[in-house]
Amino acid sequence: MTDLTQSPQFGDRLKRFLKDYYIYLVLILVVVVLSTANLDKFPLFERGNFLSERNIINILRVSAPILTLAGAFTLLMISGYIDLSVGSAMSLSAVVYALLAINGVPFVPAFLATVLVGVLLGAINGFLVIRLKITPVIATLITLSLYKGIALLLVEDGVSAIKSGGGLKMPGWFNDYGRDGVFFGLPWAFWVAILVTIAMIVAQDRMKLGKYAAATGGNPMAAKLSGIDTARTVIILYVLVGICAALAGIARSSFMSLGDPLSGDGMELTAILVVLLGGTAFSGGEGRVLKSFIGALIIMSLTVGMLTLVPAYFQTLVVGTALLLAAASNHLVSRKDSES
Amino acid sequence: MTDQAVAGRRLAKQDNRLSDEMFITSLVAGAAVALFLLASILVPNFFQFQNVVNLVTNNWAVISLGVGVTFLLVSGNFDLSVGGIVALSGVLAVWFAQATDGANALSSGWGMPTWLAMVCALIGAMSIGAVNAAFVVALRVPSIIVTLGTMMLARGIAQVVTQGSQRNTNLPADFGTLGNMTMFGTSIKLPVVLMATLIFVAVFVERKTVFGRLTYLIGANPVASRLSGVDNARHVVKLYLFSAVMAGVVGILLASEFKSGFSNRGTLMEFDALVISLLGGVAIAGGFGSVIGMFFGAIILATVTSAATGLVLSPDWQFTLKAIAVFIAIMAQTWALARRHAG
Amino acid sequence: MIVQTAFAANAQEKALSIRDLTKDYPGVRAVDAVSFDIDRNTVHCLVGENGAGKSTIVKMLTGALAPTSGSMAILGRTYEPDSTQDARESGVGTLFQELHVVDQLTVLENLTLGMEASRFGFLVKSDLEGRVVKTLAAIEPTIDPKARVSSLSVAQKQIVEIARAASSGASIIIMDEPTAALSEREVERLFGVIRRLRDSDVTVIYISHKLDEIFELGDNVTVMRDGKHIATKPLADVNGRPELIEMMVGRAITHDYEPRGDIADNPVLTVKGLTNHLLKDVSFHVKGGEIVGFYGLVGAGKTEVARAIYGADKADGQIDFKGRKRAASPKEAIAAGIALVPEERRTQGLFTELAIRRNIPIMNIRKLASFGVFQDEREKEVAREYVGKLGIATNSIEKYAEKLSGGNQQKVVLSKCLFADADMLLLDEPTRGVDVGAKSEIYDLIRDLANNGRAICIFSSELEEVLGICDRVFLMYDGRIQAEIKNGTEVDIPHILNVVTGGGGENK
């Protein structure tokens with residue numbers, strides 16, 4: 001029988017330590033490897049200097065969308081649900097935002113309107129899953145197709161994206177949000193990602209929402225018996241993911257200076273990848289917003305850093321392999337936990 | 001009349017009704033026919049025999065993939081890796097068959113004879129199926145996550161082999177034979193005939209063999225099936241290998257048809273294969289559905305998308321239409337089954 | 001009102017009073033006009049054999065079932081819960097067998113779950129934390145409120161759940177077999193918790209098969225039998241185990257066991273030292289043509305023995321069936337000639353959404369196939385044959401198993417085993433939820449099968465069943481075989497009950 005007064009063995013403590021801090025170790029490892037590797041094959045980086053200011057700013061700028069998304073997505077997965085439509089929601093938001101901007105709507109209203117679109121998209125997901133009781137995977141596959149379809153429809157025939165041309169011109173400010181450095185050379189999009197992440201950490205640790213998400217994913221029956229409205233919790237989480245997808249879409253759209261209806265393709269995979277990498281259990285209940293954020297940094301450093309070592313066409317392979325490895329290690333860790 | 005007699009008669013009546021599966025399948029088939037007729041009324045020149053043929057022949061690849069996907073769904077598992085496998089096997093077949101003396105990296109391969117190249121490509125496809133099976137069965141990772149991973153893995157390998165584009169030079173003359181062979185003196189190509197054969201075989205396997213029976217049992221109640229002596233794990237492994245091989249064949253046939261191995265081929269095919277299965281009444285929870293239903297699901301999807309383009313909607317409508325179709329199908333099936341069981 | 005009866009005045013003093021509580025199921029009266037009172041701040045024990053009606057009463061108390069008639073009152077106020085949550089709000093907490101704690105949260109987070117003080121969704125400091133920590137410390141000071149629940153043992157999780165009930169203001173906490181999964185030391189600790197609860201103004205309703213626990217812990221006891229209330233009295237007035245057992249049994253158990261002819265001494269199954277998470281050194285043998293019973297109360301380990309023999313669960317020890325080594329999976333067991341009728345018919349034995357004829361051949365499905373092709377016509381023949389042979393009442397073999405009565409469903413499960421040509425049948429609760437008529441048909445069938453040389457093991461928590469049909473009976477308690485009795489001779493029922501409630505037996 002286990003005795004609670006017994007002090008944990010050194011091995012257990014090491015295991016515990018690794019489990020809690022491995023993600024930071026991996027980040028350090030990735031940074032060290034990329035800093036010492038020969039990076040002069042690619043013009044993005046100065047010779048042999050991964051940690052140059054220019055490079056760090058570059059990576060953080062392109063990472064803004066996934067950094068924005070990781071936190072809310074983590075909370076949703078902790079509650080035991082999934083959203084495969086985030087990529088499409090992001091594309092649709094990017095298109096809406098660009099469409100508003102190109103038609104003369106100023107920054108703030110365009111920004112707010114797009115966020116509202118995000119609320120709507122998340123609410124639709126929540127409605128399908130909770131009220132119509134469609135399995136989360138299928139419900140969000142439907143909206144994956146739907147949101148992407150609408151994004152494509154919003155772009156005129158014969159044009160690939162919303163961009164300057166045909167008498168309309170993107171306003172000058174359009175780029176600023178995603179590209180222009182405001183603090184430490186980093187653009188608003190990045191700082192919004194940081195704010196969102198802090199908000200999600202607060203939601204997880206200091207608000208009922210985070211606790212109820214964990215209870216809903218960990219033991220739904222216990223949550224219900226304790227009087228928690230699990231349906232409401234899940235709908236709120238879907239809406240949060242929708243908002244973050246909209247923010248990610250704005251960031252991407254601003255960075256690329258266009259509203260591309262395919263710009264979010266594959267984002268759901270990246271989101272699942274970083275969340276699993278951060279140790280969130282796919283069975284629900286467990287996970288940390290901050291670790292997913294670190295996971296996103298790792299993946300972005302890897303993918304961007306990798307471009308300097310191997311050609312771009314290695315990217316899909318690496319991401320796919322990483323996803324499988326993350327899923328496998330995640331599983332092994334959680335199994336050990338339940339056995340002990 | 002006594003209550004019991006009434007109850008008895010009602011039970012007898014229920015017995016004479018179709019099974020739930022046949023009911024849903026007929027519903028789907030009816031919807032397919034109705035949609036086709038509706039399209040015929042709305043779209044000028046839609047009502048032609050050739051159009052009916054086209055609905056099937058233009059979709060042979062997705063329908064073929066749908067067979068493996070349907071079997072897996074019936075057993076309670078997803079397979080989203082088939083699109084990636086289509087790209088992988090096609091690229092591998094071309095690469096293996098390309099002569100070794102090409103002018104650059106993308107035009108030189110392994111110089112295998114066509115048949116050997118195709119067999120090896122098929123083995124490559126199968127190994128992706130093996131990875132699926134290993135992760136789902138041995139590690140018990142949810143199949144949706146595993147097959148999303150292998151979808152990228154397979155496509156990723158294809159992209160590396162083709163350096164992100166395609167291989168289409170320096171191929172043996174007979175490489176294009178299989179994919180372009182026409183049959184019975186008509187314009188129908190070999191892949192379409194193979195698809196038809198596959199459907200017949202699959203329906204037979206599903207309805208008439210022990211293998212098909214076990215697939216349903218595992219999906220319907222995995223606990224009871226294990227206690228009844230079914231080796232669930234082994235069966236699911238077989239299903240993943242089967243699905244991967246089907247996807248491999250599709251990829252090779254497409255590579256042969258276009259005489260190229262294109263790393264982006266089959267993009268979203270996994271999604272379409274899932275969509276037609278769902279349209280055809282396959283239940284995501286397992287234990288319910290049929291290959292015939294999936295076939296009619298494909299007809300529905302094809303009618304909707306081709307009629308839509310006929311109705312002067314842009315091809316951009318396809319994603320929206322797919323979403324609406326799947327949504328309606330799922331709601332209709334849930335509603336129909338609930339009513340049936342309440343009645 | 002002036003006409004306040006003596007009863008009503010009295011009832012205000014009582015933690016819980018139950019009056020004429022009755023629950024009818026189709027054809028069965030599970031609880032029959034039961035009335036008794038539970039004093040405040042006592043540990044009130046509820047005992048009775050399986051099927052005495054205890055669990056039905058518990059379900060009515062927790063709001064899971066609505067009574068057919070009768071009433072309940074807490075401190076004189078009418079109590080009519082319509083859900084477990086409702087019961088909680090009325091101050092009745094329950095410690096279920098399945099724990100309702102969230103592993104991923106800390107102890108403190110669990111204790112406050114659903115009761116958090118918050119402003120705009122933000123958690124704010126309140127006296128709640130202090131209060132629950134104090135409650136926890138009062139009943140079990142060794143649990144760290146900051147520890148994650150996943151790091152606790154089952155016993156500690158139970159205590160957390162008890163503490164949650166107590167700190168959410170429960171005045172009554174129901175515990176249904178709480179010690180089933182606990183070690184001896186943990187049981188002691190739990191008892192300490194229960195005593196401290198009682199001293200802090202909480203009434204505990206304690207249900208257990210383990211009579212020693214009842215004597216150690218209880219203040220009062222209510223004995224139930226066949227759905228009826230037999231007695232409620234202070235345990236101090238009960239003259240030891242014999243009196244309690246006598247009240248539980250009350251009458252001679254009627255059974256129509258007829259000794260069967262001598263059975264040749266040819267053990268087909270020999271089990272030695274079977275041990276796993278629940279079983280402890282279980283050894284026995286079964287002869288061909290013999291019907292052997294395993295009798296014990298809930299959690300005694302009967303199902304685990306069956307599943308281990310069948311290869312469905314892992315276990316250490318030796319199992320030898322007709323010279324073949326143990327089966328590693330149900331598939332191997334079936335191939336060796338062992339078939340199991342599982343405990344949970346609807347979820348483990350049947351495919352409810354398949355037709356009868358599709359269910360019957362499942363355990364030996366390849367027999368109906370040639371070269372992998374299924375012979376539909378033969379399946380129908382087989383189905384008709386078994387429907388006729390076992391008297392499955394249905395008008396069609398195409399009927400969904402779902403739509404059959406419990407008895408007929410069980411006959412379908414038995415048909416599955418028979419079609420598998422098993423030499424040995426493991427029947428786990430073969431007549432649970434089966435009506436009387438079908439029951440005796442199933443017993444006849446079992447006797448026929450044994451007479452044809454098959455070895456049969458029945459795992460049952462109904463004493464009448466094992467005494468009615470088995471040649472030998474193993475009495476199980478706490479994962480062990482405590483005693484073996486030969487049926488047919490004078491059966492000492494109080495002795496049996498004594499053994500299976502932990503009174504010790506002559507260990508073989």
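Q: Leaving aside neighbours within four places in sequence, which residues is Gly111(B) in contact with?
A: This is a predicted model. Gly111(B) sits in the loop between helix H5 (82–97) and helix H6 (114–138) of chain B. Apart from neighbours within four places in sequence, the residues in contact with Gly111(B) are Phe96(B), Ala97(B), Gln98(B), Ala99(B) and Thr100(B).

Q: Is Gly111(B) buried, partly exposed or exposed?
A: The relative accessibility of Gly111(B) is 43%. Buried means under 20%, and exposed means over 50%. Gly111(B) therefore counts as partly exposed.

Q: How far apart in space are Gly111(B) and Gly68(B), C-alpha to C-alpha?
A: In sequence, Gly111(B) and Gly68(B) are 43 residues apart. In space, C-alpha to C-alpha, the separation is 31 Å.

Q: Which residues of chain A does Gln159(B) touch?
A: Gln159(B) belongs to helix H7 (residues 143–161) of chain B. Residues up to four places away in sequence are not counted here. Within chain B, Gln159(B) touches Gly164(B), Ser263(B) and Asn264(B). In chain A, Gln159(B) touches Tyr313(A) and Thr316(A).

Q: Is Gln159(B) buried or exposed?
A: Its relative accessibility is 13%. The cut-off for buried is under 20%. So Gln159(B) counts as buried.

Q: What share of the area buried between chain A and chain B is on carbon and sulfur atoms?
A: Contact here involves 35 residues of chain A and 39 residues of chain B. Together the two chains bury about 3200 Å². The share on carbon and sulfur atoms is 83%.

Q: How many residue pairs are in polar contact across the interface of chain A and chain B?
A: Salt bridges across this interface number zero. Polar contacts, with both residues at pLDDT 80 or more, join two residue pairs.

Q: Which elements of chain A give two or more residues to the side that touches chain B, and how many of the residues on that side are nonpolar?
A: The elements are helix H5 (136–154), helix H11 (267–277) and helix H13 (315–339) of chain A. By class, that side has two charged and seven polar residues. Its nonpolar residues number 26.

Q: Over residues 234–255 of chain A, what is the helix content?
A: An unreviewed UniProt entry annotates several spans of chain A as "transmembrane region", among them 182–203 and 234–255. Residues 182–203 are 73% helix and 0% strand, with end C-alpha atoms 27 Å apart. For residues 234–255, the end C-alpha atoms lie 31 Å apart and strand is 0%. Helix content there is 100%.

Q: How many salt bridges are counted between chain B and chain C?
A: In this interface, 25 residues of chain B are in contact with 35 residues of chain C. The buried area is about 2500 Å², with 56% from carbon and sulfur atoms. Eight residue pairs are in polar contact, both at pLDDT 80 or more. The salt bridge count is three.

Q: Which residue of chain B forms a salt bridge with Glu379(C)?
A: Side chains of opposite charge can pair when their charged atoms come close. For Glu379(C), the closest N and O atoms of the pair are 2.7 Å apart. The partner is Arg213(B).

Q: Why does the pair of Asp376(C) and Arg213(B) join two chains?
A: The two side chains meet in a salt bridge at 3.7 Å, N to O. Both Asp376(C) and Arg213(B) are buried. Asp376(C) lies in helix H14 (residues 376–389) of chain C and Arg213(B) in helix H10 of chain B, so the pair joins chain C and chain B.

Q: Which residues are linked with Arg213(B) in a network of salt bridges?
A: One member from chain B is Lys208(B). The members from chain C are Arg357(C), Asp376(C), Glu379(C) and Glu398(C). Linked with Arg213(B), then, are Lys208(B), Arg357(C), Asp376(C), Glu379(C) and Glu398(C).

Q: How many residues apart in sequence are the parts tied together by Lys439(C) and Glu462(C)?
A: Their side chains meet in a salt bridge at 3.3 Å, N to O. Lys439(C) lies in helix H16 (residues 436–451) of chain C, and Glu462(C) in the loop between strand E22 (455–460) and helix H17 (463–469). In sequence, the parts are 23 residues apart.

Notes:
Residues are numbered from 1 along each chain as its sequence is written. Chains are lettered from A and ligands numbered from 1 in the order in which they are written. This is a predicted model: local features need pLDDT of at least 70, side-chain atom pairs count only at pLDDT 80 or more; totals for chains, interfaces and linings use all residues. Side-chain values use heavy atoms; hydrogens and water are left out. Contact means heavy atoms within 4.5 Å. Buried area is the accessible area (1.4 Å probe) that two parts lose on being put together, summed over both. A salt bridge is a side-chain nitrogen of Lys or Arg within 4 Å of a carboxyl oxygen of Asp or Glu. A polar contact is a pair of N or O atoms within 3.5 Å; within protein, one must be able to donate a hydrogen and the other to accept it, and residues adjacent in sequence count only if both atoms are side-chain atoms. Helices (H or I, at least four residues) and strands (E, at least two) are DSSP runs, numbered from the N terminus. Buried means under 20% relative accessible area, exposed over 50%, partly exposed in between (1.4 Å probe, protein chains only). UniProt positions are given in the numbering used here, feature names are shortened, and annotations may be inferred rather than shown by experiment. Ala, Val, Leu, Ile, Met, Phe, Trp, Tyr, Cys and Pro count as nonpolar, Asp, Glu, Lys and Arg as charged, and the others, Gly among them, as polar.
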